[in-house]
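User: I want to go through the labels in this structure and see what backs each of them. Please set the values against the cut-offs.

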Amino acid sequence: MPNAGPLRDTHGRAHRDLRISLTDRCSLRCTYCMPEQGVEWLAKTSILSTDEIVRVAQIAADAGITTFRLTGGEPLLRRDIVDVVRRISRIESAGAPVQVAMTTNGIVLADKLDELIDAGLTRLNISIDTLRRDRFAALTRRDRLDDVLRGIAAAAASDLRPLKLNTVAMRGVNDDEMVDLVQFSVDHGAELRFIEQMPLDSGHTWDRSAMVTRDEILAALSQRWDLEPVPGRGGAPAERWRLDGGPSTVGVIASVTAPFCGACDRLRLTADGQLRNCLFSTHEFDLLPSLRDGSPDAVLEDVLRRCIWAKLPGHAINDPSFLQPDRGMNAIGG
Ligand code: SAM
Ligand code: SF4
């Protein structure tokens, strides 16, 4: 394993994107992510402090990571979220400022957005699966659609671009709203990205037949728009299409039916200090002891490089031997 140079795995993929889960807690209980009663939360003592997160981010940036995505759980539940954004946004990678992105459910976004932008947030993804209040309440088990809509309106009124909205399409739940959700995004100057539902819910209730596939999504949208592929996807998870020639676009993240592992440049840090080289990993690399026993940066960098070096060529969702990871999406960081 090389102990310097780009963060490459044994398949030649260089890693540039670190997703940091700031908490496993959340203000919603989306059916595809968490059970209604919540889950056994991570022990408070194991949650990384801001200093610990910033230290890992600095080591990662020095080794070649250029983008940090803050997620969770719900990242805006973290009380020091503005400080986390400010401190990470000051980090440089190869002499250039890093990108600081966030994925949020949008519930308290309207009140925090100005501070986040001021602190250096550069990109934002907001999740919204339905525009109907009763459905939202059933799907997330909380009656908070209006708060999310306020968050999206605030983001649309800001200068943050590209702005992205995330939707998990589910059969018989929201699949009749796909065109409406794309139109809603277009009206807000945002790109909607459909995510195929993945077997990552803490309740282990994933059912392949309930998942709406990439092809079904495209068929539904083609009834309304002419879809023209956007070239140059690179390592991005979403395939993208121009709507009626553009400029508006839509994306699909087809992790299940059209995996894109060959170009993956991402790794993840959980709120309790575990490095994961894949959403679907069943093995984690523990940074916590080295973070708390006075180890020098070189030891932490070695854990980072070993984690990436051990990355498999792809996930095995479609293999009969697939084992769902113990952690749910809320504790992995989507
Ligand atoms: N709470 C924030 C949110 O919902 O945007 C950030 C964390 S959430 C885990 C990140 C993204 O993962 C969301 O867009 C959510 O819809 C998506 N997600 C969660 N569980 C999923 C699953 N089982 N399959 C596909 N996407 C999922
Ligand atoms: Fe919370 Fe996001 Fe999971 Fe929904 S998807 S329960 S908002 S962490």
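Analyst: Let us start with a charged pair. The side chains of Glu239 and Arg214 meet in a salt bridge, 2.7 Å from N to O. Keep in mind that the model is predicted.

User: What makes Glu239 and Arg214 a link between distant parts of the chain?

Analyst: They are 25 residues apart. Glu239 sits in strand β10 (residues 239–243), while Arg214 sits in helix α7 (residues 214–222).

User: Why does the contact of Glu239 and Arg214 count as a salt bridge?

Analyst: The cut-off is 4 Å between a side-chain nitrogen of Lys or Arg and a carboxyl oxygen of Asp or Glu. The N to O distance here is 2.7 Å, so the pair qualifies. Side chains of opposite charge can pair when their charged atoms come close.

User: Are Glu239 and Arg214 buried or exposed, and how do you know?

Analyst: Buried means under 20% relative accessible area. Glu239 has 19%, so it counts as buried. Arg214 has 18%, so Arg214 is buried too.

User: How many salt bridges does the structure hold?

Analyst: There are 24. One of them joins Asp176 to Arg135, with the closest N and O atoms 2.7 Å apart. This pair also links distant parts of the chain, 41 residues apart. Asp176 lies in the loop between β7 (163–168) and α6 (178–187), and Arg135 lies in helix α4 (residues 133–140).

User: Why is Asp176 called partly exposed?

Analyst: Its relative accessible area is 47%. Partly exposed runs between the 20% limit for buried and the 50% limit for exposed, so Asp176 falls in that class.

User: What separates Arg306 and Asp302 in helix α9?

Analyst: About one helical turn, because they are 4 residues apart in α9. Arg306 forms a salt bridge with Asp302, with the closest N and O atoms at 3.1 Å. Arg306 has a relative accessible area of 39% and is partly exposed. Asp302, at 32%, counts as partly exposed as well.

User: Which residues do salt bridges with shared partners join into one network?

Analyst: Arg132, Arg135, Asp176 and Glu177.

User: Now the rings. Why is the pair of Phe280 and Phe322 called edge-to-face?

Analyst: The structure holds 1 aromatic pair. The ring centres of Phe280 and Phe322 are 6.0 Å apart, and the planes stand at 70°. Pairing needs centres within 6.5 Å, and edge-to-face needs planes over 60 degrees apart.

User: What makes β8 mostly covered?

Analyst: In strand β8 (residues 190–195), 6 of its 6 residues are buried. Ala190, Leu192 and Phe194 point one way, and Glu191, Arg193 and Ile195 point the other way.

User: How do you know which strands pair with β8?

Analyst: Two strands pair if there are at least two bridges between them. β7 and β8 have 6 bridges, in the parallel sense, so they pair. Leu165 has Leu192 of β8 as its bridge partner. β8 and strand β11 (residues 249–253) have 4 bridges, also parallel, so they pair as well. Here Arg193 has Gly251 of β11 as its bridge partner.

User: Which elements make up the right-handed β-α-β unit?

Analyst: β7, α6 and β8.

User: What surrounds ligand 2?

Analyst: Cys26, Leu28, Cys30, Tyr32, Cys33, Gly73 and Asn105. This shell divides into 5 nonpolar and 2 polar residues, with no charged ones.

Note on methods: Residues are numbered from 1 along each chain as its sequence is written. Chains are lettered from A and ligands numbered from 1 in the order in which they are written. This is a predicted model: local features need pLDDT of at least 70, side-chain atom pairs count only at pLDDT 80 or more; totals for chains, interfaces and linings use all residues. Side-chain values use heavy atoms; hydrogens and water are left out. Rings of Phe, Tyr and Trp (its six-membered ring) pair if their centres lie within 6.5 Å; planes under 30 degrees apart count as stacked, over 60 as edge-to-face and the rest as tilted. Helices (H or I, at least four residues) and strands (E, at least two) are DSSP runs, numbered from the N terminus. Buried means under 20% relative accessible area, exposed over 50%, partly exposed in between (1.4 Å probe, protein chains only). A residue is near a molecule or strand if one of its heavy atoms lies within 4 Å of it. Ala, Val, Leu, Ile, Met, Phe, Trp, Tyr, Cys and Pro count as nonpolar, Asp, Glu, Lys and Arg as charged, and the others, Gly among them, as polar. A crossover is right-handed if, with the strands pointing away from the viewer, the path from the first strand over the helix to the second runs clockwise.
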